[in-house]
Amino acid sequence: MAISDIDQLTSTHLRNEVHFFEFEVEESKTKFATNIFKVKEVLKYNNKFVDVFSEVDYVDGIVDIRGISIPVIDLLCWLKGIKSNSKMLMICDFLNVLVGIKISKPIGIKTIGWDEFVRSDNQKIIGYYKAGDDIIEVL
């Protein structure tokens, strides 16, 4: 990656833009996104999660990624109450806390202007934007 590419990516605030990582969750026709700067990596994980006691159904357990214990959130279960079988994890850093979020398919990176982003009153979805005929819900 050239220095000009890095400057382009990291100076989006000067152009009033934001980069989103778009992805799909199985059994949901909706596409989702999160700020690209929160996403550390996306990986396939075929090993079983370590079960932990949780009062909520959407916590699947803990996974060990290179010696770091990371809680796994079943996004489909959190949003719709349906358990996911996905073995793909999006590792995110939210306020210095690493979380593995189960997704089914990464789509790519989308850059939009903040004027295209619409805030939501929903407690789970912070907003949305249009991409062609699709409405992308932002977590």
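The following dialogue works through several features of one predicted model.

Reader: In what order do the strands of the open sheet stand?

Author: Strands of a sheet pair through backbone hydrogen bonds, either parallel or antiparallel. Two strands are taken as paired if DSSP finds at least two bridges between them. Here, six strands form an open sheet in the order β8-β1-β2-β11-β10-β9, with mixed pairing. Its edge strands are β8 (105–113) and β9, each of which pairs on one side only. Within this sheet, β10 (residues 127–131) and β11 (residues 134–138) run antiparallel and are joined by five bridges. A131 has D134 in β11 as its bridge partner.

Reader: With which strands does β6 pair?

Author: Strand β3 (residues 39–44) pairs with β6 in the antiparallel sense over five bridges, and K44 has M88 in β6 as its bridge partner. β6 also pairs with β7 in the antiparallel sense, over seven bridges; there, I91 stands opposite G100 in β7. β6 and β7 form a hairpin with two residues between them.

Reader: Is β6 mostly covered or uncovered?

Author: Buried means under 20% relative accessible area, exposed over 50%, and partly exposed in between (1.4 Å probe, protein chains only). β6 is mostly covered, since five of its seven residues are buried. For the protein, buried residues make up 37% of the 139 residues.

Reader: Which residues other than glycine have a positive phi, and where do they lie?

Author: Most residues other than glycine have a negative phi, and most peptide bonds are trans. R66 has a positive phi, near 50°, and lies in the loop between β4 (59–65) and β5 (68–74). R66 counts as exposed because its relative accessibility is 65%. L95 likewise has a positive phi, of about 55°, in the loop between β6 (88–94) and β7 (97–103). With a relative accessible area of 81%, L95 is therefore exposed.

Reader: Which residues form the nonpolar patch on the surface?

Author: Like charges are joined within 9 Å, and nonpolar side chains (Val, Leu, Ile, Met, Phe, Trp, Tyr) within 5 Å. Accessible areas come from the Shrake-Rupley method with a 1.4 Å probe; for residues, only the protein chains shown count as cover. In this structure, V118, Y128 and I135 form the patch, with about 240 Å² of accessible area together. V118 lies in strand β9 (residues 118–119). V118 is partly exposed because its relative accessible area is 35%.

Reader: What share of the contacts joins residues 24 or more positions apart?

Author: Contact means heavy atoms within 4.5 Å. Of the contacts with a separation of 6 or more, 51% are between residues 24 or more positions apart.

Terms used. Residues numbered from 1 in each chain as written. Predicted model: local features only at pLDDT ≥ 70, side-chain atom pairs only at ≥ 80, totals over all residues. Heavy atoms only, no water. Patch = residues over 30% accessible without salt bridge, like charges linked within 9 Å, V, L, I, M, F, W, Y side chains within 5 Å. Salt bridge = Lys/Arg side-chain N within 4 Å of Asp/Glu carboxyl O. Helix = DSSP H or I, 4+ residues; strand = E, 2+ residues; numbered from the N terminus.
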